[in-house]
Structure formats: C-alpha cells, structure tokens
Amino acid sequence: MCAQRGRPRNPETQKSILQAAYDLLLEQGFGAVTVEKIAEMAGVSKATIYKWWPNKAAVVMDSYLAAAAERLPLPDTGSVQEDIRIHATYLMRFLTSREGKIITEIIGEGQTDAGLAEVYQTRYFQPRRMEARQLLEKGVKRGELPDTLDLGLCIDLIYGPIFYRLLLTGEPLTEEYVAALTGCAFHGIASVKA
C-alpha cells in the first residue's frame with residue numbers, strides 16, 4: 001500500500017474505497033475510472049481518497065493488488081521445478097482471468113503514464129519476481145540447482161514467454177503450455193555447470 005498520508009486509515013472506509021475502485025476497474029476499465037467515481041461509489045469524499053493515496057493509479061493498483069494476492073499463493077512442494085510450474089500456472093490462470101486481463105490494460109496505459117508504469121512495476125511485477133526468486137533460492141539451498149545460476153536470467157527465461165504470449169502473440173496460454181515451458185526451461189537450467 002502507499003505510504004500513509006494524514007490521519008490513520010479507518011479500516012472500513014479503506015475497504016469500501018478499495019472495493020469501489022476494484023468494482024469500477026472490472027466494470028469500466030482503468031481508463032474510465034476516476035477518483036470522483038470511486039468516491040461516489042464508496043460514499044466518501046475525494047479528499048478522503050487523496051489523504052490516503054496520491055492519485056487514481058495508486059488507489060486502483062492497491063485495489064487490484066489486494067485481489068491478486070489472494071489468487072497467487074506461493075507453493076512449497078519440496079521440488080523447485082514443481083513449485084515454479086505451479087507458481088507459473090497460478091500466474092497464467094490469473095492473467096487470463098477477467099481480473100487478470102486488466103493488467104494488460106494497465107500495462108498499455110503505463111506506456112504513456114510513467115507514474116502508473118512505476119506503480120505496476122514496483123508493486124505488481126517486482127513482487128512476482130521476488131516470489132519466483134524465493135522459489136529458485138529454495139531449490140539452490142536444497143541442492144536441486146547449482147549456486148552459480150543467474151536467478152534473474154532463469155526468471156526471465158521461465159516467465160518471459162508467458163507475458164510474450166499474453167501481450168504480443170495472442171497465442172493460447174494453457175496449463176499444458178506452462179508445463180511444457182517450465183519443463184524445457186529446467187532442462188536447460190539443469191545443464192548449467194556448477
């Protein structure tokens with residue numbers, strides 16, 4: 001969440017604002033959401049929203065991230081390859097859901113709104129990368145992966161193709177695709193010398 005501004009947040013008011021922002025985001029898309037509409041739907045003043053969030057992008061992203069966090073649990077099966085496959089599958093399912101399709105709209109808006117791009121990079125994508133890094137680091141600690149691996153490169157190798165299909169090619173994103181992708185990636189990763 002954004003750094004707190006002004007008085008402490010009333011949890012019920014905050015919940016109402018986030019729910020209103022999320023509902024509007026799903027119904028109308030990011031471009032049509034305004035602070036005025038959020039305030040009206042939540043039954044609060046615009047000033048209340050601006051006390052707690054600096055702009056529309058921040059409140060909308062907070063509402064979106066709260067929903068996304070519930071849909072993307074971190075697996076722990078004891079196998080790094082299985083954990084990554086499950087994590088990538090959860091991400092793929094979310095990105096192809098009604099809620100997840102919003103991220104493509106937000107990415108598009110971020111091409112002309114540097115503030116929004118910074119918000120989704122720092123508050124949505126970087127945490128997903130950190131989750132994947134944690135899973136890979138567990139694999140290194142358990143001896144499943146060499147400790148010489150470039151973990152950032154591995155993350156790009158595994159997750160990059162999902163976003164490539166989502167944002168550029170339009171080819172189907174399926175569980176079978178994610179399983180094949182992670183299998184191929186780990187075949188290559190396994191060949192890296194310690």
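Rings of Phe, Tyr and Trp (the six-membered ring of Trp) pair if their centres lie within 6.5 Å; planes under 30 degrees apart count as stacked, over 60 as edge-to-face and the rest as tilted. The model is predicted, so local features need pLDDT of at least 70 and side-chain atom pairs count only at pLDDT 80 or more, while totals for chains, interfaces and linings use all residues. Residues are numbered from 1 along each chain as its sequence is written, and side-chain values use heavy atoms, without hydrogens and water.

The structure holds four aromatic pairs. Select Trp52 and Trp53: their rings are edge-to-face, 6.1 Å centre to centre, with 75 degrees between the planes. Both residues are buried (under 20% relative accessible area with a 1.4 Å probe, protein chains only; exposed is over 50%, partly exposed in between).

Next, select Tyr64 and Phe94, a tilted pair at 5.7 Å centre to centre and 55 degrees between the planes. This pair links distant parts of the chain, 30 residues apart: Tyr64 is in helix H4 (residues 56-71) and Phe94 in helix H5 (residues 80-95). Helices here are DSSP runs of H or I with at least four residues, numbered from the N terminus. Tyr64 has a relative accessible area of 0%, and Phe94 one of 1%.

Proceed to Tyr120, Phe125 and Phe163, which ring pairs link into a cluster.

Finally, display two charges over rings (NZ of Lys or CZ of Arg within 6 Å of the ring centre and within 35 degrees of the ring normal). The charged end of Lys56 sits over Phe30, 4.1 Å from the ring centre; Arg165 lies over the face of Tyr177, at 3.7 Å from the ring centre.

Key: Helix = DSSP H or I, 4+ residues; strand = E, 2+ residues; numbered from the N terminus.
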